[in-house]
Amino acid sequence: ATIFGYGCDGVCPYMAYEALCKMNSDGLVEAKSKSEFSDDEIMTNYRKAVGKGLLKVMSKMGISTLQSYKGAQVFEAVGL
């Protein structure tokens with residue numbers, strides 16, 4: 001959410017996907033969640049969680065569109 005607030009147009013999630021797949025192959029995801037997931041399920045859950053998190057941050061600030069949020073630098077107003 002912070003990088004969108006400073007004007008980012010998009011995020012390339014491939015590094016996060018690689019990290020999640022590595023965690024899954026090392027068994028860290030299964031150990032934490034007590035259930036098995038495929039790499040596709042993990043990536044789908046990640047995308048869903050990021051989308052929901054971004055919407056939650058924007059809604060708490062009263063922002064309805066990404067365009068009004070992007071580049072606004074609203075974090076400067078609250079000291080972040």
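User: Which residues are exposed on the other side of H4?

Analyst: This is a predicted model. In it, Lys52, Leu55, Lys56, Ser59 and Lys60 are exposed on that side of H4. Exposed means over 50% relative accessible area.

User: Which residues of H4 are buried?

Analyst: Ile42, Met43, Leu54 and Met58. They cover an arc of only 130° around the axis, which puts them on the same side of H4.

User: What span is expected for helix H4, and what does it reach?

Analyst: H4 takes in residues 39-60, 22 residues in total. At 1.5 Å a residue, 32 Å is expected. From first C-alpha to last, H4 reaches 32 Å, close to that value. Just after H4, Gly62 takes a positive phi of about 80°.

User: What makes the contact of Lys22 and Asp26 a salt bridge?

Analyst: The cut-off is 4 Å, from a Lys or Arg side-chain nitrogen to an Asp or Glu carboxyl oxygen. Here the N to O distance is 3.0 Å, so the pair qualifies. By this rule the count comes to one salt bridge. Lys22 and Asp26 are four residues apart in helix H2 (residues 14-26), so about one helical turn separates them.

User: Why is Asp26 called partly exposed?

Analyst: Its relative accessible area is 46%. Buried would need under 20%, and exposed over 50%. Asp26 lies in between, so it is partly exposed.

Definitions and conventions:
Residues are numbered from 1 along each chain as its sequence is written. This is a predicted model: local features need pLDDT of at least 70, side-chain atom pairs count only at pLDDT 80 or more; totals for chains, interfaces and linings use all residues. Side-chain values use heavy atoms; hydrogens and water are left out. Helices (H or I, at least four residues) and strands (E, at least two) are DSSP runs, numbered from the N terminus. Buried means under 20% relative accessible area, exposed over 50%, partly exposed in between (1.4 Å probe, protein chains only). The expected span of a helix is 1.5 Å times one less than its number of residues. The arc is that of the directions from the helix axis to the C-beta atoms.
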